[in-house]
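Trainee: I would like to take a close look at a single part of this model, and then see how that part sits in the whole.

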Amino acid sequence: MSTRQTEAKVELVTLPQRIRHRFPIFEHRVYINSCSQGALSDAVRASYEQYLSDWDEYGAPWEYWVERGEAARAAFAGLVNAAPDEIAVTTSLSAGVSALASGLRFTRRSKVVLTDWEFPTIGQIWHAQEARGARVMHVPAADDGTLPLEHFERAIDDDTLLVSITQVCYRNGAMVDVPGVVELAHERGALVLLDAYQAIGSLPIDVRDLGVDFLGAGVLKYLLGSAGLGFFYCRRDLVERVWPTQTGWFADENIFAMDHTDYSPAHTAARFQSGTPPVPAIYAGIAGIELMQEIGIPATREHVTALNAHLQAGLDDLGATLATPRAADARGALMCIKSTDSEALVSALDGEGIVTSERDGNLRISAHCYNTVEDVDGVLAALRRHRTLLA
């Protein structure tokens, strides 16, 4: 066995041992559903208690709560190698993307290119812009379930304003060739928005290396936060080229000016924000991000890659059909298995104390930093017992 293989084997054991005790759900369930929501940690639970304590002690500590928002902005910026002034703190990915869409004009260029892998909110937002003159085109997947770059080559032209892509597909776990799409789009004068919600926290993301112009994400899944908090990145030189009309007082250049007589958006990415921020979720989001930084996102990616290789081998033994690409570098943390009745299969596993989810007729299994080989083996054993529900 090589040194690297030995190190990987050691990490496979030590990472969950180091942090699993911080997630109480594992005392009574096998939680392998981080693609839907991360498991609740002691740090996030304590953050909510701290929010309530601050509220109780100070009454209305808005200046402090604004500082917490700035801390969240800086924490997310550090995750993706952006500057804090390039990050908007939002209530969801939808809020950030909607603000962007409201600020674009579809006159000189009118086409928005999407893929057939997008989460519904992305498609809905861009199709809503058709009333404002946008033309929306979808890039279809190939017969093998991939999104080849040549499909983008046929779709992106000199009328394309924006290419909107997801990094990891929520339905099958496959990854898009983000650098390839970015290079192609930029060559043809188009901007690129990346939906990183199903990727952030499960693998390292660097907006400079990827070259994307905009990025939306949230803390609910692999960043271990809770619902109600998202982030939106806008490359600094593009900020003042976008004039959002979906807005609110926390998008203003001076939120405490309380001026209702004009619209003066911030000169930073904060212009993509809206109204009162989600203060409790900000507390939780900071706790989740800090915990994932402590655990280590690169180490998590390596750990989950090894778990998924183990899962894949077991599925092959079962004769199950994988809906996710077999190559580790072509997929995120999410693994999808074809089922004859995915809802029944999720219910059957839940009855055995295993938490999973389903989309598009597939069973979704999503390991994270806290999962173990024993968790995967437990899933495989349950799938063997319910083999009739596998396609």
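Trainee: Where in the chain does Thr356 lie, and between which strands?

Mentor: Thr356 lies in the loop that joins strand 10 (354-355) to strand 11 (357-359), where helices (H or I, at least four residues) and strands (E, at least two) are DSSP runs numbered from the N terminus. Before going further, note that residues are numbered from 1 along each chain as its sequence is written. This is a predicted model in which local features need pLDDT of at least 70 and side-chain atom pairs count only at pLDDT 80 or more, while totals for chains, interfaces and linings use all residues, and side-chain values use heavy atoms, with hydrogens and water left out.

Thr356 counts as buried because its relative accessibility is 7%, buried being under 20% relative accessible area, exposed over 50% and partly exposed in between, with a 1.4 Å probe and protein chains only. Leaving aside residues up to four places away in sequence, Thr356 touches Ile32, Asn33, Val346, Leu349, Leu363, Arg364 and Ile365, a contact meaning heavy atoms within 4.5 Å.

Between the C-alpha atoms of Val178 and Leu383, which are 205 residues apart along the chain, the separation is 34 Å.

Among the buried residues of helix 3 are Trp65, Val66, Gly69, Ala72, Arg73 and Phe76. An α-helix has 3.6 residues a turn, so residues three or four places apart point the same way. Asn81, with a positive phi near 60°, follows helix 3.

As for the whole, the protein chain has 12 helices and 12 strands, and 57% of its 391 residues count as buried. Of the contacts in the protein chain with a separation of 6 or more, 72% are between residues 24 or more positions apart. The C-alpha atoms fill a box of roughly 65 × 60 × 45 Å along the principal axes.
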